[in-house]
Amino acid sequence: MDDHEKRYAVTVYVAAAGTPLMAGGTSFGGHMYYSIDDGATVKSYGFSPIKHGAASGPGRVSFNDVDTYKDPYYSRTMEVSKEQYEKLADFGANPAKSGFNMHYNGADNSCIDFTWDALNHAGLHRMT
């Protein structure tokens with residue numbers, strides 16, 4: 001299969017507070033993250049504080065959320081172009097390069113903002 005035949009997708013996940021974790025226990029505050037799929041590999045990207053449970057502080061990208069949360073409350077998969085796929089991958093790998101603030105703040109710079117910024121970076125915008 002050449003690049004013109006490949007299909008690309010993004011899936012957005014919302015894990016509500018109380019979502020079971022694969023390792024046991026549940027998610028305290030919930031989480032929002034995304035994954036990308038090129039038909040061969042799934043890559044996952046999320047944003048959280050470095051210090052688990054902190055409401056504010058230095059943030060980090062997590063690359064294993066699809067393997068952490070069991071049965072998220074919501075997921076939506078959308079087909080994307082190769083260019084959109086690459087932009088989602090670039091943003092997830094280095095969000096600061098795209099202007100994302102790496103200081104986590106639960107009120108206004110959280111996993112939700114990270115996911116929306118990634119989608120917007122790739123040209124996927126909310127319909128109004």
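**Pockets and helix packing in the predicted model**

The lining of the largest pocket comprises 14 nonpolar, 13 polar and two charged residues (Ala, Val, Leu, Ile, Met, Phe, Trp, Tyr, Cys and Pro count as nonpolar, Asp, Glu, Lys and Arg as charged, and the others, Gly among them, as polar). The model is predicted: local features need pLDDT of at least 70 and side-chain atom pairs count only at pLDDT 80 or more, whereas totals for chains, interfaces and linings use all residues. Residues are numbered from 1 along each chain as its sequence is written, and side-chain values use heavy atoms, with hydrogens and water left out.

The space in the largest pocket amounts to about 700 Å³. A pocket is an open set of points on a 1 Å grid over the protein atoms alone, where a 1.4 Å probe fits, with protein on both sides within 12 Å along at least five of seven lines; lining residues have an atom within 4 Å of a point. Grid points are joined across faces, edges and corners, and a volume is the space filled by probe spheres set on the points. Of the 29 lining residues, Gly-30, His-31, Ser-48, His-52 and Tyr-69 lie nearest the centre of the largest pocket. Two or more residues each come from β1 (8–15), β2 (31–37), β3 (42–49), β4 (56–62), α1 (65–68) and α3, and β3 gives the most, with three. Helices (H or I, at least four residues) and strands (E, at least two) are DSSP runs, numbered from the N terminus.

The second largest pocket has a volume of about 260 Å³. Twelve residues line the second largest pocket, and Val-12, Arg-76, Met-78, Trp-116 and Leu-119 are the closest to its centre. At least two lining residues are supplied by each of β1, β5 (74–80) and α3, with the largest share, three residues, from β5. This lining divides into nine nonpolar, one polar and two charged residues.

Helix α2 (residues 82–93) packs against helix α3 (residues 111–121) at an angle of about 140°, with the axes 8 Å apart. Axes are lines fitted to C-alpha atoms, for helices over the stretch in contact, and angles run from 0 to 180 degrees between N-to-C directions. Contact (heavy atoms within 4.5 Å) involves Lys-87, Leu-88, Phe-91 and Gly-92 of α2 and Phe-114, Asp-117, Ala-118, Leu-119 and His-121 of α3. These residues divide into five nonpolar, two polar and two charged.
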